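Please examine the structure shown below.

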Amino acid sequence: MYSHLLRIILYILFTYLIGYNLLLLRYKKTLRKNNLFFKLGLSWAMGNLILMVILYGLALTNNLNLVNYRNFSLGLWLLILITSGRFFKNWRKKSAKIQKKDWLILFVLLLFFSSLIKYSLYTPLNAWDAMAIWMLKAKSFFYANGVWDNLLYKNSLLEYSHREYPIGLPLLAAGYYRIINFVNDQTVQLYLLFFYLNTIFLFFGFMKQWLSKISTLTRTLVTLSLFILPNFMLYAHNGYADMLMSFYIAISMILFIGLIEGKKIKDKMMIMELLLMTSAAGMLIKNEGYSFLVIVLILTGLVLGKELKKISQSNIVVSLVILLVGLAIQAEWKHFTNVRGLGFTFTGAKILANGLPRMQAIFNRYLLEFLNTDHYSLTLILAWLIAMWQYSYLVIRKKFRILWPSLIIGLQLAAYTLIYFISPHPLDWQMGSSVYRLILHLLPALFLIIVYQASKMAELS
Amino acid sequence: MKKSERLLLPLIIFIFLINYHFYRFYEKNFNKIFKYLDVKPSLVKNQYEKVQEYHPFYFIYKAAEEYKGKEDKVHYFYSTKDFENELDIHELYVRFNYFFYPNVIKPVYEFEELKKIPFKPGDLIITDKELIGWQLNQKLERIKITGVAIEDQDYFNKRGQPFYIYKLL
């Protein structure tokens, strides 16, 4: 009899392998160019995206009963066989050997977070939104085979669970519940923790790539300093969806920078496809994902500009498939929410008469949050100071192309501000219960931008 | 290591130590739960029940387990419901619905309504209000509320507002 612990480890492995093998099918070259940490992060991102798409499809057609231990085992064995075959074919190649040091650093990072890993496994679920929204829905998808026969979407007493919210996180958790045939809301937190850990891996890998001249010790210390902030600790695995958003925004940021810096058109188009997928993943997780996708699509179009004319037929086909799958899921989900009369998150939103004082109050609250050392230690203040200095330097030197990634953060923050501005809810309540989580979405991306800009400034000087 | 990096390293170490000070606070909290529960990771043994004992709403979870299939014997008295403010939800109600799902038990909002219920011995009342001393038609006993004392609850798993569980005699 295998324990739930062993099965959550297998579920995590399963997700990595799905993502890794999918990447090898089409993005082998992109993957080969990057280090172990980026490979891990990208595999995790793709694996979860594929799982969410499959689970969304099954939930919208009431077929979640297909997710069970037998089918999972079959899939896992198949993935292990395929991956092992690839590994033995390539193990003598040099590229497979040079990563020994990276594996060692990975081990050190995991060792540093060992108490957090243990805590994620053996702690009862108790966070408010986790029990009211996300994990309640996960539980509902354990008992129901989809959205149509789901009690949660029929009973008005559970209206507080924001039933119109996307269901990516609940479905990923429910997938595990179905594999173990038990609602284990303790061990599933290890799965959620991997979004946090992979964000760290991505950042470390990004530093390794862009600040290659600095030592491993400095790189490790900087990474740990940035990611052990209290706000990360609070949301690393507690059943909220915010760390998932942070992760997808961070990886999209890395890909967007790759797009700006790419030399060959062929490589850039591959990165564009990956960027399309990672930025679309956000809308399966949280409502904030919609604005993020629109921002990334517009900026990607502007960055590529005339180069878009050189896009190959296969790139067009893959991009269309990604967009069509995304649209199909959204259309079916909207159809379901309309049939059930679940409403829209911003129903009642309007521009209020007290617009100016409201905007002032929003900015004051932002400022208070930026200066909140309880949530971010001194790091956010320092990060802003460094970023401001970098912006001044780059503007004076007229290096506007390097500032493109910052537009993503700026526009996403503008989208959040607009929501606060038109929201029908009391501002104090809404900002008081969400602003630190919205900052959390953008924080890893801000750290990545600072590293990128530092690297470019070093090149310029 | 380059000279500029050597110059920056003390500052980086200093920031790391400040941030680690915050992280250490959480690490201590993590250790608190392990000390209380005395669990060891196992690949063959499930420890869900044991860990759940640490939950600040453990007895709500336990009641949901014990009354599985007998949900008609469970009553929720929601005395602090604010009908004017939909955003104001008692944390007990959120936990109650979570643990009892897929059963959704309709709450009773008024004490007069509660008094009209034809209770049977063994029925359970879960509520945000102290009922001892109030004129219910049957006698009731208060059940121990939580598996872990409030002072032993860690930073993450603490209980906010009070709640009560009564068994009808």
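**Basis and sheet of chain B**

Helices (H or I, at least four residues) and strands (E, at least two) are DSSP runs, numbered from the N terminus. Two strands pair if DSSP finds at least two bridges between them. This is a predicted model, in which local features need pLDDT of at least 70 and side-chain atom pairs count only at pLDDT 80 or more, while totals for chains, interfaces and linings use all residues. Residues are numbered from 1 along each chain as its sequence is written, chains are lettered from A and ligands numbered from 1 in the order in which they are written, and side-chain values use heavy atoms, with hydrogens and water left out.

In chain B, 4 strands make up an open sheet of mixed pairing, ordered β1-β2-β4-β3. Its edge strands, each pairing on one side only, are β1 (74–77) and β3 (140–142) of chain B. From one strand to the next the twist averages 25°; axes are lines fitted to C-alpha atoms, for helices over the stretch in contact, and angles run from 0 to 180 degrees between N-to-C directions.

Strands β2 (residues 124–127) and β4 (residues 164–168) of chain B are antiparallel and share 4 bridges. I126(B) has I165(B) in β4(B) as its bridge partner. Helix α4 (residues 91–100) of chain B lies across β1 and β2 of that chain, at about 160° to β1(B).

**Nonpolar cores**

A nonpolar core is a set of buried Ala, Val, Leu, Ile, Met, Phe, Trp, Tyr and Cys residues joined through side-chain atoms within 4.5 Å; buried means under 20% relative accessible area, exposed over 50%, and partly exposed in between (1.4 Å probe, protein chains only). The largest core has 215 residues, and those touching the most other members include Y248(A) and I126(B). Helix α10 (residues 188–210) of chain A contributes the largest share of this core, 17 residues. Another core, of 13 residues, lies apart from it, with F77(B) and Y166(B) among its members.

**Helix packing in chain A**

Helix α7 (residues 114–121) of chain A packs against α10(A) at an angle of about 145°, their axes being 8 Å apart. Contact means heavy atoms within 4.5 Å. On the α7(A) side, the residues that meet α10(A) are L116(A), I117(A), S120(A) and L121(A); their counterparts in α10(A) are Q189(A), L190(A), L193(A), Y196(A) and L197(A).

**An exposed helical residue**

N338(A) belongs to helix α16 (residues 313–340) of chain A. N338(A) counts as exposed because its relative accessibility is 62%. Its C-alpha atom is separated by 9.5 Å from that of E164(A), 174 residues apart along the chain.
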